Structures are given as structure tokens and as C-alpha cells.
Amino acid sequence: MAVSATATHEEPRVVLSARGLTKHFGAFAAVKNVDLDVEHARVHALIGPNGAGKTTVFNLLTKFLQPTAGSITLLGSDITKTAPDKVARMGLVRSFQISAVFPHLTVLDNVRVALQRPNNLATQFWLPMSSLDRLNARADELIEAVGLKRERDALAADLSYGRKRVLEIATTLALDPKVLLLDEPMAGMGQEDIGTVSNIIREVAKTRAVLMVEHNLSVVADICHHVTVLQRGEILAEGDYATVSQDERVRLAYMGSEDA
Ligand SMILES: Nc1ncnc2c1ncn2[C@@H]1O[C@H](COP(=O)(O)OP(=O)(O)OP(=O)(O)O)[C@@H](O)[C@H]1O
Ligand SMILES: [Mg+2]
């Protein structure tokens, strides 16, 4: 299914940006002078060979690592010095951060647990039952949205690997992120689950920004509006998939390590 580069009629809007982002580990520069603009209602891919610095960029954006130089802006606020938990509360959510799937809870209960966080229901135990009902309705909505309706009452432990990752995405969405960061969401999945997760990401990105690291280039071609290629910590190329995949430098960077 093709997605046009103009998936909505809204003006593209930068929700997350980095300027001159740089990270040194001792004398080694893992990320060098990276500029990045992530837009609302777009799926943005960050690709590049192993060790290119993709995960480090994610760690910098989510503030798990402090940059050596450069600045980061989220929804108009400078977050260069903001603590990671605050950044998450502002709406920048990385899938694995909060995606603890509890194996001995059902799918429904996993989603309900995740939903309690943004609504602060965990500390408001005196709330009337009707507010829990509202939570149930939202949980069922999310479960249906990611296609886990049949597994609603199954234990998370009994789900296949791919379905567990789909559940993780549902628990991430429960936090209602404005910008969603996914580090290799398709890793280890079979073709069927890849199709399912691709559809979910496409759907999710209609109302928020998605930045994803992805090694599977056919997924990138299929669902990503914009691609940034990193190599040895630096931006090598940028543009839509058709443009970057024809770039000779990108082909060279991938030679031998990818099926590009
Ligand atoms: N905490 C650290 N200390 C020292 N070096 C690090 C640290 N984290 C990452 N690196 C190095 O920085 C470089 C970039 O690593 P990073 O994990 O960001 O790459 P990546 O693009 O995510 O690779 P992959 O595709 O394999 O996941 C690598 O050479 C890695 O060894
Ligand atoms: Mg990585």
C-alpha cells in the first residue's frame, strides 16, 4: 500500500529538531554535527550501516545521553538540558522505555496498566468506578487499533514474539505520545507481523510524528516519508526513499552489509 508524501492536508510542522548534534565517547565521535527535523504526521526513517550512530542519536534525543555539543528542540521548547522523564512527559516517547510487557498479565491488563500512567489513576485510587470504565473503553480501543482483539484476554506470555511487540506498541500508544521513537520495531519478526506493524505505524503517524530506526529497507520504502542516512556518525544523505536509494554514496555505504 503506497503512502503519498503528503498524507494530510496540514502544513508540515517540525515537532522535534536537532542542530549540530554531537556525541563523543572519549576521543571517539559517535555522532557528528547532525541536523534533524522530524515533522508531525510523517514517518521519518533513520538508517545506516551498523555502528553508524543511530541508537546514539535516539539516546541523545530522548536525553538518555547528554550531547557533547548541539541543541534539541521539542514542540518549540529547548530540551537540550531537560531530564529524560520530563522529556517523556512532554510527549517524546521511545518504544522500549515504557514498553515493559508484563508476561503474567493479560493483554487487556497490560494496556490498562500503561493507561494508568498518563491519567495518574494509579495514585487516585478513590476515583469512582466510572473512571475505570473509561479506561476500559480506551484500552479496548487501543487493543482493537493494533489488531489484538482476539488475544485481549490471553496472557502476554502466551503471545508470539511478533504479537508481543504489537502489544508493546499498544502500551506505548497508551501514553499518547506526540513523537514516537521506534528503534528497529520489526527486528526478529516474520513477514506477516511486519505487515501488521507497518500498518499500525502508518495509522499512528496520521496524528503524530514517528522517527524509526529500521534495517529492513523494503519497510522504509513502504511506510517512510523521509529518510536520513547516517554513516560514521554523520549525515550522508537525506530525502525521500527514491532519492536516497539512488544516491551512489548510500549504495556504497550499504554494499556488503545490506540488500539495498
Ligand atoms: N556508551 C558508549 N561508549 C563508547 N562507544 C559507544 C557507546 N555507545 C555507542 N558507542 C559506539 O558508537 C558507535 C555508534 O553506535 P550506535 O549503537 O549508535 O550505532 P547504530 O547505528 O545504532 O548501530 P546498529 O545498527 O548496530 O544498531 C559505535 O561505534 C559504538 O561502538
Ligand atoms: Mg542501534
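1. How far is an oxygen atom of ligand 1 from an N or O atom in the side chain of K54? The answer is 2.7 Å. Keep in mind while you look at this that the model is predicted.

2. Now for how covered the ligand is. On its own, ligand 1 would expose 630 Å², and the protein buries 58% of that. Two elements, β2 (28-39) and α1 (54-61), each give two or more residues to the shell around the ligand. Of the elements, α1 gives the most, with three residues.

3. If you want to find the shell in the viewer, look for F25, F28, A30, N50, G51, A52, G53, K54, T55, T56, E184 and H215. By type, the shell splits into six polar residues, four nonpolar ones and two charged ones.

4. Helix α6 covers residues 161-173 and helix α7 covers residues 191-204. Their axes are 10 Å apart, and the helices pack at an angle of about 10 degrees. Angles under 35 degrees count as roughly parallel, so α6 is roughly parallel to α7. As for handedness, α6 passes α7 in a right-handed crossing.

Technical notes:
Residues numbered from 1 in each chain as written. Chains lettered and ligands numbered in written order. Predicted model: local features only at pLDDT ≥ 70, side-chain atom pairs only at ≥ 80, totals over all residues. Heavy atoms only, no water. Near = heavy atom within 4 Å. Polar contact = N/O pair within 3.5 Å; in protein donor to acceptor, adjacent residues only side chain to side chain. Areas by Shrake-Rupley, 256 points an atom, 1.4 Å probe, with all protein chains shown as cover. Helix = DSSP H or I, 4+ residues; strand = E, 2+ residues; numbered from the N terminus. Nonpolar A, V, L, I, M, F, W, Y, C, P; charged D, E, K, R; others polar. Axes fitted to C-alpha atoms, helices over the stretch in contact; angles between N-to-C directions. Parallel < 35°, antiparallel > 145°, perpendicular 65-115°, else oblique. Left-handed = near helix turned anticlockwise from the far one by under 90°.
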